[in-house]
Amino acid sequence: MAYDETYGWLLNLVCYLPLAGAILTAFAISKDNTRAIKWFATVITGVDFLLAIPLWLLYRADGAEFQFATKAAWIPSVGVQYIFGVDGFSILLIMLTTLLGFIAVYSSFTAITEREKEYYIFLLLLQTGMMGVFCALDFILFYVFWEVMLVPMYFLIGVWGGPRKLYAAIKFFLYTLVGSVLMLLGILALYFYHGDGLAAVGLQGLGLGNTFEIPVLYQMAPQIPGGLQFWIFLAFFVGFAIKVPMFPFHTWLPDAHVEAPTAGSVILAGVLLKMGTYGFVRLSLPLLPEATVKAVGWIGVLAIIAIIYGALVAMAQKDMKKLVAYSSVSHMGFVMIGMFALNAAGLRGSILQMINHGVSTGALFLLVGIIYERRHNRMIAEYGGLAKVMPLYATFFLIITLSSIGLPTLNGFVGEFTILIGAFLHSWTWAIFAASGIVLGAAYMLWMYQRVFFGEVKNDKNKGLPDLNLRERWTLIPLIVIAFWIGLYPKPFFNLMEPTVNRVLARVEVALPRTPAQPAATAGAETAPEAGPHGHEVGGE
Amino acid sequence: MTPSGFVPFLPEIVLATAGFLLLVAGIPLGRRATRQLALAAVAALAVTVVLVLVLARPGVAPHSILGDMLVIDRMAVFFKILLAAVSAVTVLMAAGYLERSGYGGGEFVSLILCATLGMYVMVSGANLASLYVGLELMALSVYVLVGYFKLEARSNEGAVKYFVLGALSSAVLLYGISLVYGATGTLDLAAIRAQLVALPDSNPTLLLGIVLVGFGMLFKVAAVPFHVWTPDAYEGAPTPVTAFMSVGPKAAAFAMFLRLFVTAFAPEVDYWRIILWLAAAATMIYGNVAALTQDNVKRMLAYSSIAHAGYALLGLVAATPMGTWSVLLYMLVYAFMNLGAFGFVILLESRGYAGETIADYAGLARRHPGAAAIMLWFMLALAGIPPTAGFMGKLYLFAAAVGAGYVGLAVIAVIMSAVSLYYYFRIVVQMYLRDGEDVEPAHMLRDRWVEAMIGVCAVVTLVVGVYPTPLVGWLKALSLV
């Protein structure tokens, strides 16, 4: 089967450690002992990150599809199982989640001054919810985690958010909930189709019954008739597109981002948006290849609209946080276009760009939060000449800005370049539109940087602002290190995701009208093992 | 009939006896010893459950008793245990409430036991006549319970509205039964089914009878368009009664609904399914949309209970084995999450009808963080968010609808359950997000019994949500026919 259960306990530990931390905090620490609460949460998330590192080191690219697996019965009478397991792609996202979780907790020490206990409990619960989504390989388990994480995020926005927090919080919750309940119907349709699907591949009569097990459903995917695939794809699409968010489902994002506290924005941009793209790569593409291939055209159009529209709206923003929020719409459009190019370069770039976006945008929100904490104002017009007052802050901000707009030697470049190659291989019009997004991105980011940091210090309130303190530096340094690492030597990242990329493409290609040989020369992954499109993983069909 | 023929009827006999004894004992003790009377009622219910379990011990095949009037099968046992639990929780929640109200408790516990007796007959009836008798016994007891606060205008208003409309619906139901009898010549459910199987029939008299029976049942489960009594009756009734009638009679009515339609009238499914489809869609849409604007918590929960009846109707529309057992599971889940939510309304009713408006929940999280967290849990459960039992319940209902091919109805159901989150979270917003502003934190009563019952409900909602395995396995083996 597709599982390797070695070290399965480790994955469970990584996933549930924050939950245990939240329960301990709730019952064992008094709410007045804020210092203990903060440090306890920091230690828990820090240890969680350290525990996640062995997942990467122990992952074997030539091993089973899903490693560190746990497989147990949950509700056997209806075929629901408890299945955890990760491949290189989910390991990357788990690393990102644990790192950003740690940073989110550590960056909140002074930003959150009331109801700290509940705040850290919700942050920890959110961590478990998000990681569960990346670990779960049973549809119902996946759905449970998918919805569970909405609740803590709702509270993070709703309790500790800005002036319009109530509106933003419920809007976030309802948008994502509507998307996810429709996804649930898609899941159920797959579940009930499975019986017929088994018969089609000659597996009936083995007592397998209906199942929610994702790897089993992969095997039957090519048998699903096109009409059904279309409807299931549509149901999944609504769920994932709202999360990404794709144009025109993006309207919750600016509200949620602007009102959320800094740590909430970091997690929201860094991890929650990746759930949508994760869903596409893990579920939509391999499970519904025919519908995916048919959807390429209009998803490409929506992604291009998101790239250009997001960038143009970002350019018009007066509020720094809103600007970063809209830049997310644009960047996630890149991720989508790379993914739906349906070739190795595009998918690699898309996955890498998910990580890049988590790192760069997470760092940008942190930086905006830092200045907001000092001035309680995020309007670009309020600032100017900050480079003189806060030189270190300006330096960090510059690095992250450049990373976000894709300057070579930084992470954004590698991701965007790989995506552009993939887009070009698919259609040169895609590549042209996508490239114009990069230009616009450079424009709005650099323009903001110029207005905030250069020139004379005009506003007296900005004169005495303190530069970054030690804690703030340490929240940013890991992200900057990763930005340079990916920019200079992305190979470990590409190697980690390679098996996933090959498998996903092999599963999609059964529905492609032609079977093109994938061009071997793709940037950033020169040594990628060229597993044929119909390699060993398609067994069982 | 020999006296030994009544042995399988012992649970009901115990309930009836205890009901009468407590009514008599309540005359001298009603005001002073409310809590003792409640404990006595719980003891009677416990004895009943033990008898139910003994009579349906493993190895005893489903069989009918008392000349085929009642049947003892898995569904009957399930509902009998569930209804005994609902009644016990209600009585324990009500004890302190009645003490504070000064209305006394003898009649209250007696009426609850009588209603429970009626519901027992409803869930195990195998004959249109016995089903109707059970339904009327339940309904009459609940009419009185709604008007239990005889000096409160709202209580009286609710009772009168409920009674008038309830009597009308019973008449409709009875007329439907008589038409079915006229067309088939029998009142026995199995015989009706056998006859319909033998010659599928589109005889208009029969169809009209089935439709009228359906209307009567839709009234009893508070489905649109027969729901108009619900908000007023729920709002006016004493809160423990509201809690009880929103779960107990509803569960019993669904049991009766299943017995009538999924067994007896099953061969005519193509005729009645369209009506239930429309009723389910209308109920889910109307219940959820109307609940959005309610500022009175009891009224909001009334509309929410209408909406939940709509979800449960999905299982009947599916008319598959999965549809049936998912309705049963949902009745259990809904009973405990709704009772838990009403428990909080009771605790907040420190002065008269205070604690009923949504604003009374403001700042609850600050003064009572634990209580607020549990209330949040119930709200999440009612909205169907995992890992609560509310999600598990809805999952199977939706799955049954999708599995039977009613995807359109399932789409309505999931969209509406997303809508429902908005009004449940209006309470959450008050508890958690309106803190530190210009509000006086809500004041809660200390009533150990209610707190304990809320705890029980929370645990059930958690356990069924996280590990429903044994329950689902047991229910899945259930067969109605």
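Good morning. I begin with a helix pair in chain A of this predicted model. On one side, α11(A) contributes T262(A), S265(A), V266(A), A269(A), G270(A), V271(A), K274(A) and T277(A), and these residues meet M354(A), G358(A), T361(A), G362(A), F365(A), L366(A) and G369(A) of α14(A). By class, the residues of this contact comprise six nonpolar, eight polar and one charged.

Now to the geometry of that pair. Helix α11 of chain A covers residues 262-287 and helix α14 of chain A covers residues 344-375; their axes come within 8 Å and cross at roughly 165 degrees. Because of that angle, α11(A) is roughly antiparallel to α14(A). The crossing of α11(A) past α14(A) is right-handed.

Let me place the pair within its chain. Chain A contains 20 helices and three strands. The C-alpha trace of chain A spans about 75 × 55 × 40 Å along its principal axes.

I turn next to the interface. Here, 24 residues of chain A are in contact with 26 residues of chain B. On the chain A side, the elements that give two or more residues are β2 (66-75), α5 (139-148), α6 (150-160) and α7 (165-200). Which of these elements gives the largest share? That is α7(A), with 13 residues. As for residue class, the side of chain A that touches chain B has 21 nonpolar, two polar and one charged residues. For the complex, the predictor gives an ipTM of 0.91 and a pTM of 0.91.

The axes of helix α13 (residues 321-348) and helix α15 (residues 369-383) of chain B come within 9 Å and cross at roughly 140 degrees. From α13(B), the contact involves M337(B), G340(B), A341(B) and F344(B), and from α15(B), M375(B), F378(B), A381(B) and L382(B). These residues divide into seven nonpolar, one polar and no charged.

Finally, a word on confidence. Chain B has a mean pLDDT of 89, with 96% of its residues at 70 or more. Within chain B, confidence is highest in helix α5 (residues 128-146), at a mean of 94, and lowest in helix α14 (residues 364-367), at 82. Thank you.

How values were computed:
Residues numbered from 1 in each chain as written. Chains lettered and ligands numbered in written order. Predicted model: local features only at pLDDT ≥ 70, side-chain atom pairs only at ≥ 80, totals over all residues. pLDDT = per-residue confidence, 0-100. Helix = DSSP H or I, 4+ residues; strand = E, 2+ residues; numbered from the N terminus. Axes fitted to C-alpha atoms, helices over the stretch in contact; angles between N-to-C directions. Parallel < 35°, antiparallel > 145°, perpendicular 65-115°, else oblique. Left-handed = near helix turned anticlockwise from the far one by under 90°. Contact = placed C-beta atoms within 7 Å. Nonpolar A, V, L, I, M, F, W, Y, C, P; charged D, E, K, R; others polar.
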